[in-house]
Amino acid sequence: MAMSPSLQARVVGAGPTGALAALALAEAGWGVTLRDPLPPTELQRRQRAYAFTHSSRELLQRLDLWNELLPSLSPFRRLRLRDVAAERTVIFGPADLADAEAVGWIGSHQPLMALLLRRLAGHPRVRLDLGMNGPDAPGDPATGDVPDLVVAADGPDSPTRRSLGIGLWSRPYRQACLTVQVELRGCDDDEAWELLRPEGPFAVLPLGERRFQLVWSAPASRCRQLETLGDAPFLDRLAGALPDTLQPDALLDHPRSFPVALALARRLHLGTTVLVGESAHRCHPVGGQGLNLCWRDVAELHRLALRAARGTLHPRRIGAVYGRRRWPDLLLTLLATDLLVRLFSNRHPALLPLRSLALEQLARLGRCRSLALAAMTLGPCRWLAPAPPWRHGHQQLSPAPALPGHGAVPAPSGGPE
Ligand SMILES: Cc1cc2nc3c(=O)[nH]c(=O)nc-3n(C[C@H](O)[C@H](O)[C@H](O)COP(=O)(O)OP(=O)(O)OC[C@H]3O[C@@H](n4cnc5c(N)ncnc54)[C@H](O)[C@@H]3O)c2cc1C
């Protein structure tokens, strides 16, 4: 069926979710206007690194972005999940993902946004409205200026969500999250760590050449205090928080903390407006779910936009169908991350044996590891897919070398690892 060129969308917000949503709609045949008060230089400036899962890899491949982004990504082939208080480690590797070339990838904000903005600027169906302040154009029915779809990707404080009167269910965590890039010794460049510490989860994510992005969750007051320390005292505190085998050598940027919250909009659409990304939901960064969850919104929107462009779905129905389809993934992911934080951010004596037993079983049973990793990397709703998608349609980076071993690694006495 021929694609209709007449469908128009307005995307509000050009963060990583809005920029990708605009491209996805344009690729589906829609005309798109992308608006953000920030100019392109500002949109690229953030000092962040994201962990990309296989669900994000699939979407980027569908939009023909993956191969161009790949050189700037650092793949990791092993993920060490360690319960520090229970002294148990589970190692996830490619064998748990049907020999996928990587468990996940780490990428910095700047090259990602540079690629998205470059593609958007060169796309014949995209109009960029970046760096403009002032009210959003309301649309003029007389000139046919009313878009068929408005995509609100304007972040956690979403002015669009507020103006529509859509409520937000929100619960801030007592933990905040501190991010910083460091040079580390004792950690392989193709290995990521998720340390479940009593004060909060702590991720160590490889950026290549011994550089690592740390995502350190801790009580908000401690994060604020850590932020103000000089380099040497910060590195001291960091060495105390990391397993003995990981030794920080140098700080590569300034530590920054940000508040973390569990939040979910009370509805995901109203009329022809849909909420995507952090305008609709936020979760704890444990397990690197945040941006991947945002991009699974975009993946659904892309599927529905294609159907509308082919004439098999009325554009007015997109919001309702989008809302219905996104709830299960959003609810399960928010619940799972919240449960992980609650169960593991303590030394509760009644919980320690249970945690220890659960991790021991996870380490022993390959099938359980595969299911857990599939839920983490594809989203909890797709983990039972009969043929895991990493078996199909993408190139191997390199042959998967045999891993030294999987399973529970009880800590040697006296150290966390
Ligand atoms: C300080 C900080 C550090 C972080 N570090 C990390 C990290 O290291 N790793 C990680 O995985 N995640 C990190 N996160 C979380 C991550 O940034 C978010 O998951 C991600 O940015 C969500 O993308 P988004 O596009 O939905 O929203 P945002 O990135 O918030 O984008 C929203 C966009 O909407 C625009 N906007 C706002 N109002 C309007 C309006 N009225 N009209 C038009 N546009 C508007 C904004 O200018 C912005 O560009 C961090 C978050 C913060 C706050």
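# Briefing: helix packing, strand pairing and one buried threonine

Leu362, Ala363 and Arg364 of helix α11 meet Gly366, Cys368, Arg369 and Ala372 of helix α12. Contact here means heavy atoms within 4.5 Å. By type, the residues of this contact split into 4 nonpolar, 1 polar and 2 charged. Nonpolar covers Ala, Val, Leu, Ile, Met, Phe, Trp, Tyr, Cys and Pro; charged covers Asp, Glu, Lys and Arg; the others, Gly among them, are polar.

This is a predicted model, in which local features need pLDDT of at least 70 and side-chain atom pairs count only at pLDDT 80 or more, while totals for chains, interfaces and linings use all residues. Residues are numbered from 1 along each chain as its sequence is written, and side-chain values use heavy atoms, leaving out hydrogens and water.

**Whole chain**

- The chain holds 12 helices and 18 strands. Both are DSSP runs numbered from the N terminus: helices are H or I with at least four residues, strands are E with at least two.
- Of the 417 residues in the chain, 54% are buried. Buried means under 20% relative accessible area, exposed over 50%, and partly exposed in between, with a 1.4 Å probe and protein chains only.
- Take the contacts between residues at least 6 apart in sequence: 76% of them join residues at least 24 apart.

**Helices α11 and α12**

- Helix α11 spans residues 352-364 and helix α12 spans residues 366-378.
- They pack at an angle of about 100 degrees, and their axes are 5 Å apart. Axes are lines fitted to C-alpha atoms, for helices over the stretch in contact; angles run from 0 to 180 degrees between N-to-C directions.
- α11 and α12 are therefore roughly perpendicular. That class runs from 65 to 115 degrees; under 35 is roughly parallel, over 145 roughly antiparallel, and the rest oblique.

**Strand β10 and its partners**

- Strand β10 (residues 168-185) runs antiparallel to β15 (residues 256-265), joined by 9 bridges. Strands pair if DSSP finds at least two bridges between them. Ser170 has Ala263 in β15 as its bridge partner.
- β10 also pairs antiparallel with β13 (residues 211-219) over 9 bridges. Ala176 is bridged to Ala218 in β13.
- With β14 (residues 247-251), β10 forms 4 bridges, again antiparallel. Arg185 is bridged to Gln247 in β14.

**Thr337**

- Thr337 sits in helix α10 (residues 318-344).
- Thr337 counts as buried because its relative accessibility is 4%.
- A polar atom of the Thr337 side chain lies 3.0 Å from the backbone oxygen of Leu334.
- Not counting residues up to four places away in sequence, Thr337 touches Cys283, His284, Val286 and Gln289.

Notes
Polar contact = N/O pair within 3.5 Å; in protein donor to acceptor, adjacent residues only side chain to side chain.
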